[in-house]
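Let's take a walk through this structure together. Have a look at it first, and then we'll go through a few of its details.

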Amino acid sequence: MLKLGFNSAILADFGFEHVVKFASHNGFSCVEMMCWPADNADSRRYAGVTHIDVNNLTDKKVSEIKYALNEAQVSISALGYYPNPLDPDPVKSEFYLEHIKQVIRGAAKLDIPVVTTFIGRDPSKSIKDNLATFADVWPAIVKVAEENNVKLAIENCPMFFTDDEWPGGKNLAISPAVWDRMFEIIPSRIFGLNYDPSHMIWQMMDEIKPIYGYKDRLHHIHLKDVKLYKDKLDRVGIMVNPLEYHSPKLPGLGDVNWRGFFGALTDVRYRGPVVIEVEDKAYESNIQDVQTAILTSRNYLKQFLG
């Protein structure tokens, strides 16, 4: 019922065909393929990865990609690109927005049903002010998605991890309260969530309830865990850089209630991809560690997938 995959960003040092073969050889049904601009790599962790260059999708390249996927019996769950489309620098913002459109068109060419991304945010402005900017900017993006019959799945990561993202983070879609406003402004059913339960944990929110409340907006699922260090939180409080009191972990090594999570997904009859996102620093020393992280996650999650 659920198609298990992984986010390709963790295999940044390898090309498309290697990623597909790794997925096939290790029992994965799908991969979320990263599609950053080849000439505009982002220096932050897990960003700037290009496994499919949507700016150079010739008919020949499309055929090659489809052939490789068919041979491996692996699908692409989504094309992913995670910049800050509401960056206060208008030149950067325009660049990011235009590339999202290009990723959508690329997904349509490849018959991929979903594009995963961020809403973006100006960290220095309030949620209200950012929603106003969102209302101006995002309808045009959703229109391109509708024209190409490609769903948009917005990840709920606040993008507040480093000091340059203070105080508001670089992604607006942080909570059910904000999602409600987003969906009021843009009611299109093609516009939904790439839901990651880990981000709810460190924001002190329930990670299961949104599955029931937004079942019709679940276009893609990220599987990542998080460890909340209560002793650190007791010392520094919630008004600091959040990495001072939590850490991303492999599924099963943190505080997400995975049994409840998958129970909820089956309750609401979710039938889409569930994609491992590895961001655990304990598994980054070398490529063997990285591969172990993906396979350890797979082994833990298999108990919920049949």
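Is Met159 buried or exposed? Met159 has 8% relative accessibility, so it counts as buried (buried means under 20% relative accessible area, exposed over 50%, partly exposed in between, with a 1.4 Å probe and protein chains only). Before going on, note that this is a predicted model, where local features need pLDDT of at least 70, side-chain atom pairs count only at pLDDT 80 or more, and totals for chains, interfaces and linings use all residues. Residues are numbered from 1 along each chain as its sequence is written, and side-chain values use heavy atoms, leaving out hydrogens and water.

Back to Met159: its phi is positive, about 55 degrees, although it is not a glycine. Most residues other than glycine have a negative phi, and most peptide bonds are trans. You'll find Met159 in the loop between S5 and H5 (helices are DSSP runs of H or I with at least four residues, strands are runs of E with at least two, both numbered from the N terminus). Pro167 also sits in the loop between strand S5 (151–155) and helix H5 (176–185), and a cis peptide bond, with omega about 0 degrees, joins Trp166 to Pro167.

Now for Gln73, in the loop between helix H2 (59–72) and strand S3 (75–80). Gln73 is not a glycine, yet its phi is positive, near 55 degrees. At 62% relative accessibility, Gln73 counts as exposed.
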